[in-house]
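Please read these notes with the sequence and the 3D view open beside you. They are arranged as numbered points, to be taken in order.

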Amino acid sequence: MSNINADLHSHSTVSDGLLAPAAVAARAAANGVTLWALTDHDELGGLTEGRQAAKALGMRFVDGVEISVSWGAQTLHIVGLGIDPAHQALVDGLISVRAGRDGRARGMGDALAAIGIRGAYAGALKYVGNPALVSRSHFARYLVETGVARDVKQVFDHYLVRGKPGFVEHQWASLDDALAWIHAAGGLAVVAHPGRYRLSKAALDEVFVRFKELGGEAIEVVSGSHGREATLEFARVARRYGFLASRASDFHGPRESAVDLGRADALPADLIPVWSRL
């Protein structure tokens with residue numbers, strides 16, 4: 001089972017990806033993916049198109065979502081896999097998470113204007129596929145287009161993370177609520193790209209302990225955000241806590257994502273893959 005070419009974290013234009021759901025499916029299939037999940041940020045709107053495209057291409061499809069979570073001053077992402085996208089608790093919960101996104105985006109535009117980068121909100125909207133979901137990635141693409149930064153990573157590092165001039169605070173879901181919605185909808189909860197969080201090892205362990213207490217099932221051991229050392233570290237974490245292991249590219253688009261669909265490293269052979277439960 002660990003040899004399956006599974007990619008269980010990817011994005012489309014329904015959130016902050018560059019390709020429509022059907023195009024993400026086509027790219028995944030062309031890259032040899034046999035088990036694929038679409039996990040747009042706080043959105044379920046692309047799942048029907050993604051599921052239909054995957055079926056036509058002969059891929060197994062997993063209904064997914066990536067939920068934004070506030071943990072103190074840190075934003076975490078929790079992926080839900082195998083969810084029922086029609087479950088009312090999940091649907092209502094995600095509506096509540098999305099509320100206020102436009103206000104945050106306008107605030108980011110104002111904050112950037114205050115340091116001389118004008119028109120960023122209007123510019124970001126050019127990249128938005130879903131008007132209900134304006135994200136930092138849309139701002140980053142506009143700032144790259146206009147030459148403010150050389151790439152999306154540089155925009156985030158210099159403008160859009162905590163402590164930088166374009167960052168605007170937003171209250172997302174609680175960890176408790178995110179897992180409650182995922183489990184109510186019949187899904188499995190996965191800590192996304194744990195190597196990305198700006199937390200000490202001790203602080204990250206606190207996340208894993210609480211996640212485990214709430215019934216969280218898995219972590220992304222292999223991620224497009226992880227190098228070899230991070231993969232080895234989170235393999236150790238999976239063993240220590242008894243977590244299932246997920247494999248994911250976190251694909252957003254060609255030339256923007258570090259790892260293409262289906263091209264992430266294999267899971268360590270001794271770990272139990274999360275797809276054994278899907």
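Predicted model: local features only at pLDDT ≥ 70, side-chain atom pairs only at ≥ 80, totals over all residues.

1. The side chain of E145 forms a salt bridge with that of K126, with N and O 3.1 Å apart. K126 is exposed, its relative accessible area being 56%.

2. Side chains of opposite charge can pair when their charged atoms come close. The count for this model is 18 salt bridges. One of them joins R98 to E43, with 3.8 Å between the closest N and O atoms. R98 is in helix α3 (residues 88–98) and E43 is in the loop between β2 (35–38) and α2 (47–57), so this pair links distant parts of the chain, 55 residues apart. E43 has a relative accessibility of 11% and counts as buried.

3. R210 and D176 form another salt bridge, and their closest N and O atoms are 2.7 Å apart. This pair also links distant parts of the chain: R210 lies in helix α9 (residues 201–213) and D176 in helix α8 (residues 175–184), 34 residues apart. Both residues are partly exposed, R210 at 27% relative accessibility and D176 at 34%. Elsewhere, salt bridges link K153, D157 and R198 in a network.

4. Next, the sheet. Strands of a sheet pair through backbone hydrogen bonds, either parallel or antiparallel. Here seven strands form an open sheet with mixed pairing, in the order β1-β2-β3-β4-β5-β6-β7. Why is one side of β1 and of β7 left without a neighbour in the sheet? The reason is that β1 (6–7) and β7 (244–247) stand at the edges and have a single partner strand each.

5. Within the sheet, β3 (residues 60–71) and β4 (residues 74–81) pair in the antiparallel sense, over eight bridges. W71 has Q74 in β4 as its bridge partner. Helix α9 packs on the sheet, where it touches β3, β4, β5 (188–191) and β6 (218–222). The direction of α9 makes about 175° with that of β5.

6. Which residues of α3 are buried? They are L90, G93, L94, V97 and R98. Viewed down the axis of α3, these buried residues fall within an arc of 135°, so they line one face of the helix. They pack against β3, α4 (101–113) and α8. R98, listed here as buried, is also the salt-bridge partner of E43. Just after α3 comes G100, with a positive phi of about 90°.

7. The last point concerns H9, in the loop between β1 and α1 (21–30). H9 is at 0% relative accessibility and counts as buried. The side chains of H9 and E220 are joined by a polar contact of 2.7 Å. Leaving aside residues up to four places away in sequence, H9 touches several others, among them A37, T39, E66, V79, H193, E220 and D250.

How values were computed: Residues numbered from 1 in each chain as written. Heavy atoms only, no water. Salt bridge = Lys/Arg side-chain N within 4 Å of Asp/Glu carboxyl O. Helix = DSSP H or I, 4+ residues; strand = E, 2+ residues; numbered from the N terminus. Buried < 20%, exposed > 50% of the residue type's maximum accessible area, 1.4 Å probe, protein only. Pairing = 2+ DSSP bridges. Contact = heavy atoms within 4.5 Å. Axes fitted to C-alpha atoms, helices over the stretch in contact; angles between N-to-C directions. Arc of directions from axis to C-beta. Polar contact = N/O pair within 3.5 Å; in protein donor to acceptor, adjacent residues only side chain to side chain.
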